[in-house]
Every structure is written in structure tokens, then in C-alpha cells.
Amino acid sequence: LGNSVIMEVREPSELKGELGAIQGGINITVVQITQRLNELEKYKEKEIITVCRSGGRAHAAAAILLKAGFKKVFNMSGGMTAFRQAKNKEKHF
């Protein structure tokens, strides 16, 4: 992913569930973002891709980051559910 950071905004227990986690991602839940903005400062010049189960929490997380002055923030459309469905389709070709 080079200049991108994957930010998992799901609860830690969800990362161990059926959908798993994206390797190399950082986990800061959507409710923790505001209190942990200082930890994200080092990523301010990188693209931050927010991820949750289906996209709702990731959208909220992206809005918080944009309001805090982060410029390159993206929400993974469809979340981990869509990511895993796409991965499963790849295996069938």
C-alpha cells in the first residue's frame, strides 16, 4: 500500500472474528479517534483508508479525521464484508 495507512475502526474483538483484519492495519475504534488524534499525526501526509464491517463507522471515522485537518482520508466502500467477498471471488478464477 506504499503511502497508505489502513485504519481499522472496528472493535478489537471484531478483528478476530469471521471477517478478520487487514494485515498491517492499525486499530483505533471510531469512538477512540478524537482522543487518539496525536497518535495519528505521523500519518498526516499519508492516505488514510478507514475500514469497518460494512462502511458506516468508517464513514464516521473519515469525517472525524477530515474535520481534524487530515487531507487524504478515504472510506473503504462496503467495508470488510465487501473486501472479503471480493477476495473470495478472486479464489474462484
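In what order do the elements of the chain run from the N terminus on? They follow the pattern β-α-β-α-β-α-β-α, built from four helices and four strands. Please keep in mind as you look around that this is a predicted model.

**Overall form**

- The chain has 93 residues and a radius of gyration of 13 Å, which agrees with the value near 12 Å that a compact globule of this length would have.
- Along the principal axes, the C-alpha atoms fill a box of roughly 40 × 25 × 20 Å.
- Buried residues make up 35% of the chain.
- The accessible surface comes to about 5800 Å², and carbon and sulfur atoms account for 54% of that area.
- Among contacts with a separation of 6 or more, 64% are between residues 24 or more positions apart.

**The nonpolar cores**

- The largest nonpolar core has 17 residues, and the members that touch the most others are Met 7, Val 9, Ile 33, Leu 40, Leu 65 and Phe 70.
- Strand 1 (4–8), helix 2 (37–40) and helix 3 each supply at least two residues of this core.
- Helix 3 gives the most, with four residues.
- Another core lies apart from this one; it has seven residues, including Leu 19, Ile 22, Ile 49 and Met 80.

**Salt bridges**

- Side chains of opposite charge can pair when their charged atoms come close.
- A search of the whole structure finds four salt bridges, and three of them are described here.
- Glu 8 and Arg 10 meet through their side chains, with 2.8 Å from N to O.
- Are these two partners buried or exposed? Glu 8 counts as buried because its relative accessibility is 1%, and Arg 10 counts as buried at 1% as well.
- Glu 14 forms a salt bridge with Arg 57, and their closest N and O atoms are 2.8 Å apart.
- That pair links distant parts of the chain, with Glu 14 in helix 1 (residues 12–15) and Arg 57 in helix 3 (residues 56–67), 43 residues apart.
- Glu 14 is partly exposed at 23% relative accessibility, and Arg 57 is partly exposed at 28%.
- The side chains of Arg 36 and Glu 39 also meet in a salt bridge, at 2.9 Å from N to O.
- Arg 36 counts as partly exposed, since its relative accessibility is 22%, while Glu 39 is partly exposed with a relative accessible area of 38%.

- Ser 4 lies in strand 1.
- With a relative accessible area of 16%, Ser 4 falls under the 20% limit and is therefore buried.
- Which side chain joins that of Ser 4 in a polar contact? The partner is Glu 47, at 3.0 Å.
- Not counting residues up to four places away in sequence, Ser 4 touches Glu 47 and Ile 49.

Key:
Residues numbered from 1 in each chain as written. Predicted model: local features only at pLDDT ≥ 70, side-chain atom pairs only at ≥ 80, totals over all residues. Heavy atoms only, no water. Buried < 20%, exposed > 50% of the residue type's maximum accessible area, 1.4 Å probe, protein only. Core = buried A, V, L, I, M, F, W, Y, C linked by side-chain atoms within 4.5 Å. Polar contact = N/O pair within 3.5 Å; in protein donor to acceptor, adjacent residues only side chain to side chain. Contact = heavy atoms within 4.5 Å. Rg over C-alpha atoms; globule rule 2.2 N^0.38 Å. Areas by Shrake-Rupley, 256 points an atom, 1.4 Å probe, with all protein chains shown as cover.
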